[in-house]
Amino acid sequence: MEIEGTDTPVTACTAPVAEGMVVHTGGAKALRLARSALELLLASHPVDCASCLKSGSCELQRIAKHLGVKLKTKRFAKILPELPIDSSSPLFIHDPNKCVLCGRCIWVCQDKLGRGVIGFAYRGFHRMVTTFGDEPLGGSRCQDCSECVAVCPVGALVFKSTAH
Ligand code: SF4
Ligand code: SF4
């Protein structure tokens, strides 16, 4: 977003609110940066919406539409993570290949529920959400409360009961 009186756009989620602050989210500079960030994210995302359980309620789809970016954008070379899918929980599936690293699942598990079963591990391209020792969720301290699934904006954490 852009703040009146400053030259450089900032991230809305980290900029502190100040008295009299005037904010624009639709400015040309901010939109260009937001589109580029989305295209970079999509360069490592499988985009298999046709078979994805989150399709239709996915925030990545919604944001792409809002910013006028094609999900199958070819601006950056595609490099996919190809990580194993964890179906060990009786209730949900964790597909780290579709994760956008927003951290919502970690926040709910650690900060809201005080359990800390999942967290970020590794760096750079290899960064991912996982359990201590990369244990499958079904064999970890996970209690299958599914609060993480409820907050995941994409198809990285989805309920099995929605499977078709
Ligand atoms: S997470 Fe969203 S964008 Fe990615 S494949 Fe699923 S529906 Fe499509
Ligand atoms: S909430 Fe979903 S997209 Fe966000 S970090 Fe967790 S698994 Fe990844």
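**Notes on the predicted model**

1. Strand 4 (residues 118-121) and strand 5 (residues 128-131) run antiparallel and are joined by four bridges. Strands pair here if DSSP finds at least two bridges between them; strands (E, at least two residues) and helices (H or I, at least four) are DSSP runs, numbered from the N terminus. Ala 121 has Met 128 of strand 5 as its bridge partner. The two strands form a hairpin with six residues between them, and Tyr 122 in the turn has a positive phi of about 70°.

2. On conventions: this is a predicted model, in which local features need pLDDT of at least 70 and side-chain atom pairs count only at pLDDT 80 or more, while totals for chains, interfaces and linings use all residues. Residues are numbered from 1 along each chain as its sequence is written, with chains lettered from A and ligands numbered from 1 in the order in which they are written.

3. The protein chain has four helices and six strands, in the order β-β-α-α-β-α-β-β-α-β from the N terminus. Its C-alpha trace spans about 55 × 35 × 30 Å along the principal axes. Of the 164 residues, 20% count as buried (20 or more other C-beta atoms within 10 Å of the residue's own; exposed means 12 or fewer, partly exposed in between; C-beta atoms are placed from the backbone).

4. The domain assignment gives domain 1 (1-80) and domain 2 (81-164); such bounds come from an automatic or database assignment. The C-alpha centres of the two domains lie 23 Å apart. Eleven residues of domain 1 are in contact with eleven of domain 2, contact meaning C-beta atoms, placed from the backbone, within 7 Å.

5. Of the 15 residues around ligand 1, Cys 49, Cys 52, Cys 58, Val 154 and Gly 155 come nearest (a residue is near if its C-beta atom, placed from the backbone, lies within 6 Å of the molecule). This shell divides into eight nonpolar, four polar and three charged residues.

6. Around ligand 2 there are 14 residues, of which Cys 99, Cys 102, Cys 105, Cys 152 and Ala 156 come nearest. By class they are twelve nonpolar, one polar and one charged.

7. The largest nonpolar core has twelve residues, among them Phe 92, Cys 99, Cys 105, Cys 152 and Ala 156. A core is a set of buried Ala, Val, Leu, Ile, Met, Phe, Trp, Tyr and Cys residues joined through C-beta atoms within 7 Å. Strand 3, helix 3 and helix 4 (147-151) each supply at least two residues of this core. Another core, of seven residues, lies apart from it and includes Ala 34, Leu 60, Ala 64 and Val 69.

8. Two loop residues deserve a look. Val 47, between helix 1 (28-42) and helix 2 (59-67), has a positive phi near 45°. Leu 101, between strand 3 (92-94) and helix 3 (104-112), has a positive phi near 55°. Leu 101 counts as partly exposed because it has 13 C-beta neighbours inside 10 Å.

Notes. Nonpolar A, V, L, I, M, F, W, Y, C, P; charged D, E, K, R; others polar. Contact = placed C-beta atoms within 7 Å.
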